[in-house]
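Please look through the sequence and the structure shown here before reading on. The briefing that follows begins with a few lead sentences and then goes topic by topic.

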Amino acid sequence: MVDVDNTLLDNDHFLVDLRERLKQSFGAAQEARFWQIFNDRRREIGLADYLGTLQLFRTGVDDLPQLLQMSDFLLDYPFSSLVFPEARAALTHLGNCGKTVLLSDGDMVFQPRKIHRSGLWDAVSGRVLIYVHKEKVLDDVQQRYPAAHYVVVDDKPNLLAAMKRVLKAKLTTVFIRQGQYALAPDADSYEPAPDRVIERIGNLINLTSSDFQVPT
């Protein structure tokens, strides 16, 4: 089970581009308003909702042609250019070890479109699961993809720890140090600690099936 944002795809780069586009189109004050709406909505529904934020953001700027262009910017963003080097090779390698599934958090419009446009959807033959809180629906994941043992690769150590507490020895957690969450000051403070730690997605190519078993 492989995460998408900042694991296979440089989502931090997308955020930089989005901030710059908002600032150029609407000015610094309106850009700050967009992110205030975004953060409020994230606290309300528990996920990053770019399209819902844009819908709320339109109040007060809906007479500007740049608003319609922002819709195109989000829906047509070239996410394939943000796939990390060696990410596809890593997925191919993991596919030789077992059935590989993309396991992501997100909404039901923008997130699947991002995965499609990045080419990652096809890279795993459509085996994609998207939830609001993936760490809370592991029963559903196991029903969809039964297995004797699971491996999860993610850049968020808090989610890895939460999943490990549920599946215990049935799960090997792999923490990848890419992106803002992986590099946060408290990233190494979550318990239980990850079973494996790698610095970039390409390092997965050096691991074999035996490396994904929980140490005894």
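Helices (H or I, at least four residues) and strands (E, at least two) are DSSP runs, numbered from the N terminus. This is a predicted model, in which local features need pLDDT of at least 70 and side-chain atom pairs count only at pLDDT 80 or more, while totals for chains, interfaces and linings use all residues. Residues are numbered from 1 along each chain as its sequence is written, and side-chain values use heavy atoms, with hydrogens and water left out. The secondary structure of the protein comes to ten helices and five strands.

**Overall build**

- The radius of gyration, which is taken over C-alpha atoms, is 18 Å for the protein, close to the 17 Å that the globule rule gives for 216 residues, so the protein is as compact as a globular protein of that length. The globule rule is 2.2 Å times the number of residues to the power 0.38.
- Along its principal axes, the C-alpha trace of the protein spans about 60 × 30 × 30 Å.
- Of the 216 residues, 46% count as buried, where buried means under 20% relative accessible area, exposed means over 50%, and partly exposed lies in between (1.4 Å probe, protein chains only).
- Contact means heavy atoms within 4.5 Å, and residues 24 or more positions apart account for 62% of the contacts in the protein with a separation of 6 or more.

**Helix α3 and its two partners**

- The axes of helix α2 (residues 28–45) and helix α3 (residues 50–57) come within 9 Å and cross at roughly 125°. Axes here are lines fitted to C-alpha atoms, for helices over the stretch in contact, and angles run from 0 to 180 degrees between N-to-C directions.
- The helices α2 and α3 are therefore oblique to each other, given that angles under 35 degrees count as roughly parallel, over 145 as roughly antiparallel, 65 to 115 as roughly perpendicular and the rest as oblique.
- On the α2 side, the contact is made by Gln30, Arg33, Phe34, Trp35, Ile37, Phe38 and Arg41, and on the α3 side by Tyr50, Gly52, Thr53, Leu54, Leu56 and Phe57.
- By class, this contact of α2 with α3 has eight nonpolar, three polar and two charged residues. Ala, Val, Leu, Ile, Met, Phe, Trp, Tyr, Cys and Pro count as nonpolar, Asp, Glu, Lys and Arg as charged, and the others, Gly among them, as polar.
- Helix α3 also packs with helix α4 (residues 65–75), at an angle of about 180° and with the axes 11 Å apart, which makes α3 roughly antiparallel to α4.
- Tyr50, Leu51, Leu54 and Phe57 of α3 meet Leu67, Met70, Ser71, Leu74 and Leu75 of α4 in this contact, which by class has eight nonpolar, one polar and no charged residues.

**Gln24 and Gln66**

- Gln24 is found in helix α1 (residues 11–26) and is exposed, with a relative accessible area of 58%.
- Gln66 belongs to helix α4 and is partly exposed, with a relative accessible area of 24%.
- Although Gln66 and Gln24 are 42 residues apart along the chain, their C-alpha atoms are separated by 9.6 Å.
- Leaving aside residues up to four places away in sequence, Gln66 touches Ser25 and Phe26.

**Helix α9 and its surroundings**

- Eight of the eleven residues of helix α9 (residues 157–167) are buried, so α9 is largely enclosed by the rest of the structure.
- The buried residues of α9 are Pro157, Leu159, Leu160, Ala161, Ala162, Met163, Lys164 and Leu167, and they pack against β1 (102–105), α8 (138–144), β3 (150–154), β4 (171–176) and α10 (179–182).
- Just after α9, Lys168 takes a positive phi of about 55°.

**Backbone points in the loops**

- Most residues other than glycine have a negative phi, and most peptide bonds are trans.
- Glu86, in the loop between α4 and α5 (87–97), has a positive phi near 75° and is partly exposed, with a relative accessible area of 38%.
- Ser125, which is not a glycine, has a positive phi of about 55°; Ser125 is found in the loop between α7 (120–123) and β2 (128–131) and is exposed, with a relative accessible area of 60%.
- The peptide bond from Glu191 to Pro192 is cis, with omega near 0°, and Pro192 lies in the loop between α10 and β5 (196–198).
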